[in-house]
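Opening my notebook on this one.

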Amino acid sequence: MGLNLIVTGAGGFLGRAVMAEARARGHAVRGLTRADVDLATDDLGGFFEDVDCVIHLAGALSGDWAVQTSDTLNATRRLIAAMQAQPLPPRLVLSSSIAVYSADAMGVVTEATPLEDHPEQRDAYAGAKLAQEAMLRESGLRHTILRPGAILGPGRVMNAHLGPGIGSALILMEQGGEVPVVSLADCARAFALAAEAPGEGRALNILGADLPTRARYVAALRRTGWPRHVVPLNWRLILPLAWLLSPLGARRPGLLRPAVLRARMRPLRYDIAAAELALGWVPQDDFDTAFLRATKAAT
């Protein structure tokens, strides 16, 4: 039997794909966009009657702490309260991020890897995702937290784990480790499968099975015509300057904050065995297929 699902952020990049995937699996899906309701301010009463599961994707992808508080945290807090008010609260599937892991993570990142314990040292997005997860764990709602990597899809091929782009050049700040990406199709399927799961309070990494090295990712980028030049610059050489500029606080660019620099550039690998086991999810797209699809769709 199909489920009655609500998807917040339904008009977004991931939201549209999740809606299509859930409907293809036979579920009745209602999408909520900001045109329908402002989760942070509007009355949410009546939205969640007879709903089996809410897939919560709405939230700010960028912006400072004020933006994250308004668009992500206040919206999530009020959504949870409205769901708790139901006689039989729906399950909740939350879109979090691998950004929640410690900036000092090493080796292979699994769900057992420590979370960031100094969120004030990270960017506002990572801090908001950590706060969202904490809210949900304390809510008493049946839930699943998914932590996708960067999602490869139309117009989404640049990756912060490489380094900054300046004109026709990419400043490549690390040579080792994997780039944590997942195709849009594989990510959407993971969310649909999580909505069908009982909601046991687990957090699961959502990444492709074929994660590229940084060199392979840069080679794929160069086939698109950019970058024309790749300039290696070891991120560890930037750390002293980042520490020197610490008194500037949030006014610094992300890569001039030591914790942000470490989080993005450490040469890590990633494990998805828990998601494969818990959801019966098997990523289908190899990196080259996902990257080619993303660049073709964007042209």
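I started at Leu-172 and found it standing opposite Pro-232 in β12. This is a predicted model, so noted.

Next I looked up the strand pairing around that spot. β9, residues 169-172, pairs with β12 in the parallel sense, over four bridges. I then traced the whole sheet: it is open, has three strands and runs in the order β8-β9-β12, with mixed pairing. β8 (165-166) and β12 (229-232) are the edge strands, each pairing on one side only.

Then I turned to helices. How do α2 and α3 pack? I read an angle of about 15° between α2 (residues 65-84) and α3 (residues 124-139), with the axes 10 Å apart. Angles under 35 degrees count as roughly parallel, so α2 is roughly parallel to α3. I noted their crossing as right-handed. On the α2 side the contact includes Trp-65, Leu-73 and Ile-80, and on the α3 side Tyr-125, Met-135 and Leu-136 are among the residues. I sorted the contact residues of this pair into nine nonpolar, seven polar and one charged.

Last pair: α1 (residues 13-24) and α4 (residues 184-196). Their axes come within 8 Å and cross at roughly 60°, which makes α1 oblique to α4. This crossing is right-handed too. From α1 I listed Phe-13, Leu-14, Ala-17, Val-18, Glu-21 and Ala-22 in the contact, and from α4 Leu-184, Cys-187, Ala-188, Arg-189, Phe-191 and Ala-192. What kinds of residues make up the contact of α1 with α4? I got 10 nonpolar, no polar and two charged.

How values were computed
Residues are numbered from 1 along each chain as its sequence is written. This is a predicted model: local features need pLDDT of at least 70, side-chain atom pairs count only at pLDDT 80 or more; totals for chains, interfaces and linings use all residues. Side-chain values use heavy atoms; hydrogens and water are left out. Two strands pair if DSSP finds at least two bridges between them. Helices (H or I, at least four residues) and strands (E, at least two) are DSSP runs, numbered from the N terminus. Axes are lines fitted to C-alpha atoms, for helices over the stretch in contact, and angles run from 0 to 180 degrees between N-to-C directions. Angles under 35 degrees count as roughly parallel, over 145 as roughly antiparallel, 65 to 115 as roughly perpendicular and the rest as oblique. A crossing is left-handed if the near helix is turned anticlockwise from the far one by less than a right angle, and right-handed if clockwise. Contact means heavy atoms within 4.5 Å. Ala, Val, Leu, Ile, Met, Phe, Trp, Tyr, Cys and Pro count as nonpolar, Asp, Glu, Lys and Arg as charged, and the others, Gly among them, as polar.
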